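Please look at the structure first.

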Amino acid sequence: MFRLCLLATVLGLTQAGVRTTKADPKVLKPESPKQATEVAKASEPAEATPKAESQESATKVDMKRKLRVCNAYPGEEKVTVFIKGYDLTADAGIKFKECRDLSADALKDGSRLDFKADGLAAGTFTVSDLPMYECTMVLVVQRKDMQGTAVSFQSHVFSPAKTAQVAIIDAYVGSAKSKLSIVEDDEDEAAAGEEVPFNSVLGVSAGSYEVLLSDGSAKVKESLGVVGTESYVVIRTGADDKGAFLDKTAARYPQDIVVYPETKPPQEKEAPEVPEKKEERSGAVTVAPAGLAALLMLLWC
């Protein structure tokens with residue numbers, strides 16, 4: 001049965017300056033907009049207390065965090081991510097419309113993630129209030145606006161949950177309006193499905209789905225296989241075809257959908273056919289009452 005539940009609208013967009021940006025993952029936890037604003041104002045570095053240090057030491061050994069970086073910046077450049085000069089992408093850049101899970105073992109409060117595009121500095125993301133639990137942290141690199149080449153980031157922290165979660169992220173730059181819906185794999189595409197808002201997080205039960213992006217005239221479709229308690233991202237990418245910054249090449253970057261990771265739910269096993277049970281008696285014939293009457297008439301004749 002298709003079950004889709006809106007958990008929260010918790011994604012945040014951090015607009016970069018010319019080259020550098022800072023963002024606070026804590027703002028992107030399931031909080032109200034008012035709470036998020038208050039956290040953002042209070043995110044200046046503070047002196048760590050002994051209690052906080054002991055908590056970090058206690059969880060540092062057995063806690064695993066995952067950093068998921070997605071490149072939604074239209075272009076041919078590949079993005080690499082550095083922390084203190086160390087290349088987290090192992091010198092294998094992340095292409096446009098590609099996501100990759102990186103180790104977050106080296107991350108701590110105040111860590112700076114430096115992003116480069118084909119070796120050139122693109123932007124910096126500064127981490128503060130690192131979650132003190134096992135989680136997947138998503139960081140989407142995208143273009144800030146239509147007027148320049150500066151980058152911006154969208155980020156989200158997936159908290160532990162009993163069901164799979166899907167973050168719907170809008171990284172498209174331009175004026176085109178589209179609707180995104182999710183339907184079960186075996187449903188007719190003409191069905192309306194369930195329209196979901198951009199920049200929100202959904203709880204979804206395991207199964208096979210289709211993600212549909214429609215602007216009224218064209219439709220883009222991608223498969224979404226949901227398993228267990230996995231965390232997924234669905235990203236709307238592309239750029240407006242009127243963007244002067246693309247030097248009239250925006251036709252190469254139409255609206256599209258990125259789904260990550262790609263997983264296949266286990267196939268439901270069909271119930272085995274149960275053969276009809278026939279009564280068999282040694283040396284005897286079992287006949288239904290109507291058949292018995294006909295047999296008696298035959299013998300009588």
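Cys99 is buried, at a relative accessible area of 8%, where buried means under 20% relative accessible area with a 1.4 Å probe and protein chains only. This is a predicted model, in which local features need pLDDT of at least 70 and side-chain atom pairs pLDDT 80 or more, while totals for chains, interfaces and linings use all residues. Residues are numbered from 1 along each chain as its sequence is written, and side-chain values use heavy atoms, without hydrogens and water.

Which residue forms a disulfide with Cys99? The partner is Cys70, with the sulfur atoms 2.1 Å apart; a disulfide is counted when two cysteine sulfur atoms lie within 2.5 Å. Cys70 belongs to strand 3 (residues 65–71) and Cys99 to strand 6, so the link ties together parts 29 residues apart in sequence. Strands here are DSSP runs of E with at least two residues, numbered from the N terminus. Cys70 is also buried, at 1%. The count comes to one disulfide.

Strand 6 (98–103) also gives two or more residues to the lining of the second largest pocket, as do strands 15 (207–214), 16 (219–226) and 18 (256–260). A pocket is an open set of points on a 1 Å grid over the protein atoms alone, where a 1.4 Å probe fits, with protein on both sides within 12 Å along at least five of seven lines; lining residues have an atom within 4 Å of a point. Strand 18 supplies the largest share of this lining, five residues. The lining has 30 residues, and Gly207, Ser208, Tyr209, Gly225 and Pro265 lie nearest the centre of the pocket.

Methods
Helices (H or I, at least four residues) and strands (E, at least two) are DSSP runs, numbered from the N terminus. Buried means under 20% relative accessible area, exposed over 50%, partly exposed in between (1.4 Å probe, protein chains only).
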